[in-house]
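User: Please take me through this structure, with the criteria behind each term.

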4 protein chains.
Amino acid sequence: MSRQMPPAHPFDDDKLKEECGVYGVIGVTDAANFVALGLHALQHRGQEAGGIVSHDAEQGFNSVRRFGYVRDNFTRHSLMETLPGPLAIGHVRYSTAGSKGAAIRDVQPFFGEFSMGGAAIAHNGNITNANALRKELVERGSIFQSSSDSECIIHLMARSLQRNIPERMEDALRRVEGAFSIVAMTGSELIGVRDPLGVRPLVLGQVADGWVLSSETCALDIIGATYVREIEPGEMVVISEKHGVESHYPFRRVPARFCIFEHVYFSRPDSIIGGRSVYETRHQIGVELAREAPVDADLVCPVPDSGTPAAIGFSHESGIPYAMGIIRNQYMGRTFIEPTEQIRNMGVRLKLNVNRALIKGKRVILVDDSVVRGTTSRKIKEMILDAGAKEVHFRIASPPTAWPCFYGVDTPQREKLLAATMTEDEMRDHLQVDSLKFISLNGLYRAVGEAEGRNSNCPQYCDACFSGEYPVAPSDMIEQGFELKAAE
Amino acid sequence: MSRQMPPAHPFDDDKLKEECGVYGVIGVTDAANFVALGLHALQHRGQEAGGIVSHDAEQGFNSVRRFGYVRDNFTRHSLMETLPGPLAIGHVRYSTAGSKGAAIRDVQPFFGEFSMGGAAIAHNGNITNANALRKELVERGSIFQSSSDSECIIHLMARSLQRNIPERMEDALRRVEGAFSIVAMTGSELIGVRDPLGVRPLVLGQVADGWVLSSETCALDIIGATYVREIEPGEMVVISEKHGVESHYPFRRVPARFCIFEHVYFSRPDSIIGGRSVYETRHQIGVELAREAPVDADLVCPVPDSGTPAAIGFSHESGIPYAMGIIRNQYMGRTFIEPTEQIRNMGVRLKLNVNRALIKGKRVILVDDSVVRGTTSRKIKEMILDAGAKEVHFRIASPPTAWPCFYGVDTPQREKLLAATMTEDEMRDHLQVDSLKFISLNGLYRAVGEAEGRNSNCPQYCDACFSGEYPVAPSDMIEQGFELKAAE
Amino acid sequence: MSRQMPPAHPFDDDKLKEECGVYGVIGVTDAANFVALGLHALQHRGQEAGGIVSHDAEQGFNSVRRFGYVRDNFTRHSLMETLPGPLAIGHVRYSTAGSKGAAIRDVQPFFGEFSMGGAAIAHNGNITNANALRKELVERGSIFQSSSDSECIIHLMARSLQRNIPERMEDALRRVEGAFSIVAMTGSELIGVRDPLGVRPLVLGQVADGWVLSSETCALDIIGATYVREIEPGEMVVISEKHGVESHYPFRRVPARFCIFEHVYFSRPDSIIGGRSVYETRHQIGVELAREAPVDADLVCPVPDSGTPAAIGFSHESGIPYAMGIIRNQYMGRTFIEPTEQIRNMGVRLKLNVNRALIKGKRVILVDDSVVRGTTSRKIKEMILDAGAKEVHFRIASPPTAWPCFYGVDTPQREKLLAATMTEDEMRDHLQVDSLKFISLNGLYRAVGEAEGRNSNCPQYCDACFSGEYPVAPSDMIEQGFELKAAE
Amino acid sequence: MSRQMPPAHPFDDDKLKEECGVYGVIGVTDAANFVALGLHALQHRGQEAGGIVSHDAEQGFNSVRRFGYVRDNFTRHSLMETLPGPLAIGHVRYSTAGSKGAAIRDVQPFFGEFSMGGAAIAHNGNITNANALRKELVERGSIFQSSSDSECIIHLMARSLQRNIPERMEDALRRVEGAFSIVAMTGSELIGVRDPLGVRPLVLGQVADGWVLSSETCALDIIGATYVREIEPGEMVVISEKHGVESHYPFRRVPARFCIFEHVYFSRPDSIIGGRSVYETRHQIGVELAREAPVDADLVCPVPDSGTPAAIGFSHESGIPYAMGIIRNQYMGRTFIEPTEQIRNMGVRLKLNVNRALIKGKRVILVDDSVVRGTTSRKIKEMILDAGAKEVHFRIASPPTAWPCFYGVDTPQREKLLAATMTEDEMRDHLQVDSLKFISLNGLYRAVGEAEGRNSNCPQYCDACFSGEYPVAPSDMIEQGFELKAAE
């Protein structure tokens with residue numbers, strides 16, 4: 001239907017983007033205020049839009065969904081007062097699978113009214129058989145209101161014959177393929193689910209007498225909640241003020257495959273995943289990288305801000321001094337709205353500037369988290385050389401990104417990925433830098449704590465974006481012509 | 001869910017309100033622009049919100065729904081450019097049956113995607129068995145997005161086994177009870193339907209090579225369209241660029257019962273209904289009233305603006321001079337947004353003022369179209385006496401409004417209607433005026449052209465608000481405890 | 001400097017426009033609320049923008065100025081709370097003399113801080129030597145913030161050597177030429193002034209223990225204030241809670257010349273000027289017109305809304321039935337914002353529609369208040385003929401408008417005025433109507449109560465727009481090349 | 001007058017704030033676009049509001065002033081098109097001296113129309129005799145429109161008898177005391193001035209055929225301009241397309257006293273001041289600090305982001321590993337608008353979070369740039385201890401801030417400054433940390449390149465905030481009761 005906002009972020013299009021963060025709270029006064037804070041701490045997982053649904057005994061369900069930052073929408077008294085009650089869930093998103101342009105209809109949480117009451121649902125991930133499900137549901141009389149794949153779950157639930165909402169959700173999720181960390185709610189229950197592989201994160205916390213579900217631990221910290229544990233792959237927790245936390249296991253058990261890129265880039269450095277500090281993992285990636293691909297130079301500089309911990313690790317291991325050679329304009333925000341042509345062409349300069357006096361005459365190692373299209377890397381290299389650097393060496397804290405992600409991350413089409421068509425050396429020549437080295441897949445596995453490296457028979461993580469080995473077949477995409485990696 | 005706008009019109013709450021106007025155009029360039037103009041001409045039928053859906057071969061369906069006036073929303077280039085194509089429908093509404101607070105989700109047209117394509121639908125009227133239908137549909141797995149009764153039609157269509165959309169609509173409408181004039185569209189067809197009784201109006205017009213459906217003829221004039229004919233009660237027209245206008249008759253035939261209040265108040269005086277000018281009918285009501293209830297006085301003054309034609313007729317028949325004793329502030333608009341307490345208490349003064357110099361010392365006949373709660377009548381009487389009038393005589397251009405309307409008009413609960421609990425004389429005493437007379441029901445029928453008056457065996461019009469005789473049982477309301485008039 | 005809003009009202013450009021309305025209240029709680037109501041009642045005198053300044057013992061002066069209607073701006077609690085105190089003045093304006101585009105800087109009241117305290121000032125009228133004064137002031141070091149002629153008064157006051165603000169204002173006003181009804185305030189006084197000729201209106205009222213100054217009496221009625229008297233031409237009243245109303249006469253005495261067009265068009269029909277009801281004066285103009293220019297016809301129809309009282313008078317005198325042949329869309333508002341090309345071309349149709357059934361086959365007399373450019377008259381004639389009228393006769397309730405006004409009314413340049421270049425007969429042919437008659441200047445004088453008609457030696461009113469006799473030489477305009485009427 | 005925005009930044013109130021950044025461009029097409037980019041790069045010097053004035057041969061001066069970020073206002077096509085021409089100046093501000101609440105009237109650049117044409121002026125700094133000047137000007141008839149001290153300059157210029165604007169500005173500036181880096185423009189000239197002491201920075205750059213004036217060099221980089229030189233203390237440059245850059249020296253010569261805090265905190269690390277990289281100076285401060293105040297610990301962590309370069313320097317000199325123990329939420333923006341009470345109380349947590357896994361059990365050195373009130377330091381200490389740190393040692397990259405700045409920096413009243421009432425040891429106890437050390441004043445001078453440290457007879461910098469020695473007497477403040485440091 002109508003498009004209400006132009007596609008945003010013209011300057012940031014050279015990174016993979018997490019599509020969503022989810023959050024839920026039960027058992028506290030004005031739960032929606034806590035959800036707003038949690039979503040603010042998860043803003044890095046989705047900047048385009050956010051939504052909160054709350055439930056109050058008197059007023060029932062209330063919902064607000066808005067484009068823009070959490071801090072700009074969900075902080076006004078007048079707005080937050082419309083979201084009363086002790087139970088609330090929320091969602092931030094980057095963009096959804098199906099939509100070409102953004103519409104508020106597509107902003108989660110989604111809400112459905114069933115004969116036994118209402119339910120709201122928000123999810124992080126992607127349903128890989130959404131098209132097929134949608135087609136089937138429409139043929140049987142469901143009316144879709146959004147272009148989002150997540151709406152399928154609501155319609156599947158509406159058609160379930162189970163008598164209560166959690167059981168209807170189990171029914172629905174057994175029909176769904178893909179990666180999904182779900183936070184949902186009824187009028188009295190907060191529900192959390194991770195898909196059988198546990199691709200996307202979801203943690204449980206406790207605050208006062210209440211419970212919290214969050215994509216990451218950093219969003220527990222912001223409200224002073226205590227970390228309890230991760231929701232297990234394939235687990236569904238149903239939390240009520242009456243019965244506390246109850247665990248269900250609706251799916252057949254399979255070996256877990258957590259997304260390794262959460263460690264590399266998506267998660268915030270102050271979050272803890274699987275008992276490991278994300279910051280320390282990234283620091284360790286830098287250490288591994290310095291061992292795998294040493295180079296003689298004067299300075300180690302991060303590409304801000306995501307390359308910073310790996311650069312510190314690289315400096316530590318190599319003994320080459322760490323310095324801030326590139327400065328980030330902290331007032332960049334999501335993007336310049338509707339930039340003039342002139343501004344659009346400035347590209348990276350608006351966001352980054354070189355510390356000219358520092359760089360001049362130096363041999364510089366630049367540590368970045370990943371190379372996607374390579375467009376930003378190229379501009380950064382030019383800025384560094386313009387400032388008088390003698391040599392530029394790129395060290396990348398992840399293996400070459402050669403395959404798109406179909407599990408809730410916004411990746412360009414395969415042919416746009418630099419590593420899909422070039423070897424490491426070709427990329428070095430393409431970027432015209434003195435050297436370019438990516439960490440090896442085994443090196444990355446070591447950095448996340450797998451001392452033996454990757455188990456190629458049964459990989460410990462989902463690393464499809466590097467390896468092309470997809471743990472769940474992306475069936476909608478295959479239908480549309482996507483070609484899987486040929487068996488070797 | 002969340003309430004986005006406070007209930008409006010604190011000063012206008014003493015009139016019955018038409019809930020909707022509908023409009024559709026096919027076969028012209030940028031049909032949405034025509035629809036915007038048509039809706040502007042129908043704005044008196046609904047001031048709270050408006051929506052337009054258009055269809056374009058390339059872009060498919062586009063939709064914009066907004067609170068506020070047509071002129072403030074649907075005139076911006078940037079907005080209208082998002083509604084391209086040769087086919088569009090639109091809707092203005094006052095408020096919908098089910099909602100306590102206003103939400104954009106409830107603004108029509110509604111849109112549904114079926115396996116054979118999309119359809120949008122807008123309706124004027126009310127579905128009297130909506131609650132029952134909704135309950136049944138939810139139990140069978142439909143997800144409602146709005147609190148509007150009209151959404152039932154979309155879900156009934158989604159579940160029909162018919163192969164094309166017009167036939168699905170026929171299926172759906174056969175399940176529906178109440179009053180409904182519908183304008184709908186598929187990707188290639190403009191559809192118009194009137195319920196079997198033809199309670200609400202709908203006319204067909206022609207503009208250039210295209211066709212127009214409209215609630216009233218005044219909205220044909222604004223785009224220079226020619227009036228062709230009324231859609232018949234129980235008729236469905238399906239209009240395509242390929243096949244022109246095709247008529248269907250999905251319902252069992254019953255005698256028509258057009259809403260007589262459209263003549264009295266709802267329709268614009270420059271519209272033509274059933275071949276009669278609304279202005280002339282109202283003028284004639286004034287003539288009948290002067291005959292039925294003459295009184296000796298110095299001036300005949302209308303309560304602006306709706307009492308004007310009847311006042312002119314009364315003056316003409318009685319020979320008493322016509323004068324503008326009450327002046328309306330033309331900058332009143334829909335309402336003061338969020339008025340301060342002080343302003344709220346001013347009530348009628350904001351909108352109306354007395355022409356003091358004219359009124360002083362005079363015996364004044366005030367002609368108004370109707371008395372609902374009587375609150376405004378009372379304030380007007382006080383203003384007139386404050387200005388020094390010697391006598392105040394009310395003459396009302398409709399019979400006493402003693403029963404609520406369930407067919408698409410916003411009426412207070414029965415106990416709030418002055419005429420539900422008082423006789424004409426009691427009302428006169430309550431209002432403390434020198435005399436108060438309503439036109440008789442037979443007099444009203446004569447004024448609309450029924451020389452013999454009302455046929456009490458088979459009334460020619462729906463006059464339930466006066467007579468309590470409901471041509472379609474208001475089944476949802478009866479379920480909720482509404483008591484029909486005892487059989488005599 | 002920057003232009004913030006496009007020039008508005010593309011559809012209304014064939015009327016003279018009053019430029020301003022002024023209002024002030026002292027001695028009541030939250031005076032600004034009263035001012036908001038008063039400005040709402042004066043909205044017909046200026047729809048482009050409005051401003052209010054209030055004074056409170058604790059907070060000092062506060063000011064809000066906004067584009068748009070009073071009802072849309074000055075009714076929000078949050079806004080009105082920023083305007084506390086027992087003393088406030090306000091202003092609505094159409095547009096100011098000097099500005100090409102609208103800027104909020106140009107919206108009155110203007111405020112100046114002097115060594116003895118602050119003062120705010122709002123005025124209705126025009127300063128005819130503003131350019132000369134401005135030039136002189138800038139040369140002596142004054143910094144102008146607006147393009148408005150009224151700002152001169154503040155700067156003249158700043159340079160006065162008098163010790164208190166009212167005396168500084170007297171000093172300043174003695175330097176000023178033109179027409180000006182001023183409402184001003186200090187921290188403790190409400191001040192009202194009319195220029196020596198008394199061209200623009202200003203009345204005094206009383207509400208509870210407080211006092212009111214207003215352009216018109218209709219704005220006393222809205223707050224329930226009692227009319228006390230008109231401020232006299234050349235009088236300055238200084239009203240304080242302590243000393244009540246004190247009169248000063250700063251100017252040399254000259255015979256009064258009130259604007260006769262206030263009677264014809266500008267003032268609201270429910271206002272009283274010089275003891276006469278504006279409505280009755282206009283009714284009497286219709287009577288005079290029927291006597292001066294009778295014609296055989298079937299219907300007398302007003303061009304709504306301003307032609308209505310004269311049409312009623314014409315009908316009364318002639319015996320030809322009065323009818324509403326043209327219907328005005330009451331949702332027109334100030335204008336369609338940014339109308340699409342298609343809508344722009346619809347012109348008059350958006351605002352007016354013909355009552356086709358009524359007009360068909362009839363000989364119609366159309367009564368309008370004035371003819372300026374003639375563009376609207378022409379479109380109306382076409383609409384009437386399209387609807388099937390047999391004859392169209394125009395009767396105009398004012399003499400031919402042949403000269404621009406330089407005293408606070410927005411008139412086109414002289415060459416754009418139809419009557420500046422054509423005789424009555426030429427205009428009739430130009431408009432292609434069956435007959436066209438204007439009331440005579442003497443007829444108009446009789447209608448306003450001058451039984452002997454106009455005293456050509458010493459005219460009782462300012463009628464420069466009809467006669468070309470300007471009571472104050474428009475010196476800035478003469479400087480710019482405007483040619484006065486040659487002496488006869 | 002009226003307040004249009006609540007005071008902002010409740011979470012950032014424990015830093016000194018630079019009040020302004022200035023920028024100007026001449027000799028390029030659409031100069032305002034360049035100014036917008038430059039102001040974006042100077043956003044750290046003022047986040048509350050921004051303004052741009054441009055001049056175009058045809059349209060004259062145009063101006064836009066807005067609250068909020070540059071990127072949110074000055075990037076829309078429709079807005080930037082209203083600022084045409086080859087000459088433009090701009091300003092970002094934090095807040096101005098005189099105003100309690102923010103009003104758009106107070107946003108620079110200010111504009112004045114003189115008899116020889118218009119001029120716009122923007123300034124960074126503070127006029128210390130503004131009150132006295134204002135009083136004198138008002139008594140002589142000037143009308144002030146803002147509460148800003150900068151408006152004095154315009155009025156002084158208006159009263160000058162000089163024949164051209166640059167000479168009028170010289171006249172005006174000779175009356176003015178304080179710190180001021182000015183960027184101004186006439187219709188054909190770009191003007192830059194630094195006060196005789198050169199307290200605030202101002203640099204000259206070149207872009208294509210045009211010239212640029214900027215507060216810092218980082219804002220030259222963003223548009224690809226070449227750095228030419230600093231404007232000298234006491235110099236006025238007048239730049240025209242015709243005559244290029246012309247230097248004037250309107251003031252008596254005095255030894256320069258550049259603000260040393262620009263090195264410590266205000267300027268961006270990628271700027272170059274006096275030939276020195278700000279980043280390297282800060283790094284060197286860390287080195288000096290490690291020498292002056294060593295401590296045995298496990299980690300050196302910066303308080304982000306301003307403490308980062310000094311922390312790196314400290315780590316480098318001490319050999320203790322550098323780590324990011326505190327993570328900053330990059331979506332913080334200027335502030336949460338209108339935060340709910342709950343959110344307001346979260347304070348620092350919204351912006352900063354501790355890297356718990358890293359900190360646990362460690363002895364941590366925290367490097368911050370300054371301590372003002374000490375409120376933030378205290379909260380950070382608590383966060384670090386909550387996360388399980390064994391010891392917390394604060395090292396501060398500036399001497400104790402014991403005196404307010406009156407030269408364009410927003411400082412709390414003296415009694416609110418922690419160092420005004422406590423010794424270093426008392427502060428340590430107050431903050432309850434294991435140790436707290438500030439760099440010495442001599443250490444700071446060494447770090448900025450003065451090998452001999454501070455020359456106490458004739459200090460090389462303005463260091464009044466540390467030393468209490470004010471190079472220009474703050475006369476308005478003394479008038480209001482401020483007590484200078486007693487002579488020793």
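Predicted model: local features only at pLDDT ≥ 70, side-chain atom pairs only at ≥ 80, totals over all residues.

Analyst: Residues are numbered from 1 along each chain as its sequence is written, chains are lettered from A in the order in which they are written, and side-chain values use heavy atoms, without hydrogens and water.

User: What makes chain A as compact as a globular protein of that length?

Analyst: The globule rule is 2.2 Å times the number of residues to the power 0.38, applied to a radius of gyration over C-alpha atoms. For 488 residues the rule gives 23 Å and chain A has 23 Å, so chain A is as compact as a globular protein of that length.

User: How many residues of chain A count as buried?

Analyst: Buried means under 20% relative accessible area (1.4 Å probe, protein chains only). Of the 488 residues in chain A, 65% count as buried.

User: Why is helix α5 of chain C called largely enclosed?

Analyst: Of its 9 residues (151–159), 9 are buried, so helix α5 of chain C is largely enclosed by the rest of the structure. Among them are C152(C), H155(C) and R159(C).

User: What do the buried residues of α5(C) pack against?

Analyst: With contact meaning heavy atoms within 4.5 Å, their partners include β7 (117–127) and α6 (165–173) of chain C, together with α5 (151–159) of chain D. Helices here are DSSP runs (H or I, at least four residues) and strands likewise (E, at least two), numbered from the N terminus. Chain A has 18 helices and 25 strands.

Note on methods
Buried < 20%, exposed > 50% of the residue type's maximum accessible area, 1.4 Å probe, protein only.
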